[in-house]
Amino acid sequence: MAVGDRIKRVRKLRRLTQKELGLAVGFEETTADVRIAQYETGTRTPKEDQLKKTAAVLEVTPRTPYDTHLYAPEHVMF
């Protein structure tokens, strides 16, 4: 599972839309959903500082998007 897939999985567990997540991490309203979609599809890779902001909004550790064992919701919560 790639970083974008993990972001998407946690975002859905938190019941956020791409636009809501994008706005929460500081993207402009016109591009918020597009940017998150690009991360989730692997078109773009978030830089480390952006990944930290995203993790904070999703209430996970900054290492979670890199965690290869992220399969079940309970794994996200720990």
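**Figure 1. E59 in the loop between α4 and α5.** E59 is placed in the loop that joins α4 (48-58) and α5 (73-77); helices are DSSP runs (H or I, at least four residues) and strands are runs of E with at least two residues, numbered from the N terminus. The model is predicted, local features need pLDDT of at least 70, side-chain atom pairs count only at pLDDT 80 or more, and totals for chains, interfaces and linings use all residues. Residues are numbered from 1 along each chain as its sequence is written, and side-chain values use heavy atoms, with hydrogens and water left out. Although E59 is not a glycine, its phi is positive, about 60 degrees. E59 counts as exposed because its relative accessibility is 61%; exposed means over 50% relative accessible area, buried under 20%, and partly exposed in between (1.4 Å probe, protein chains only).

Figure 2. R15 belongs to the loop between α1 and α2 (18-24). Its phi is near 60 degrees, a positive value in a residue other than glycine. With a relative accessibility of 75%, R15 counts as exposed.

**Figure 3. The buried residues of helix α1.** In helix α1 (residues 3-13), the buried residues are G4, R6, I7, V10 and R11. These residues lie on the same side of α1 because they cover an arc of only 160 degrees around the axis. The arc is that of the directions from the helix axis to the C-beta atoms.

**Figure 4. The packing of α1 with α3.** Two packed helices are described by the angle between their axes and the distance between the axes. The axes of α1 and helix α3 (residues 32-41) come within 6 Å and cross at roughly 125 degrees. Axes are lines fitted to C-alpha atoms, for helices over the stretch in contact, and angles run from 0 to 180 degrees between N-to-C directions. The helices α1 and α3 are therefore oblique to each other; angles under 35 degrees count as roughly parallel, over 145 as roughly antiparallel, 65 to 115 as roughly perpendicular and the rest as oblique. On the α1 side, the contact is made by G4, D5, I7, K8 and R11, and on the α3 side by I36, Y39 and E40. Contact means heavy atoms within 4.5 Å.

**Figure 5. The helices of the whole protein.** The protein has five helices and zero strands, and the order of its elements from the N terminus is α-α-α-α-α. Of its 78 residues, 32% count as buried.
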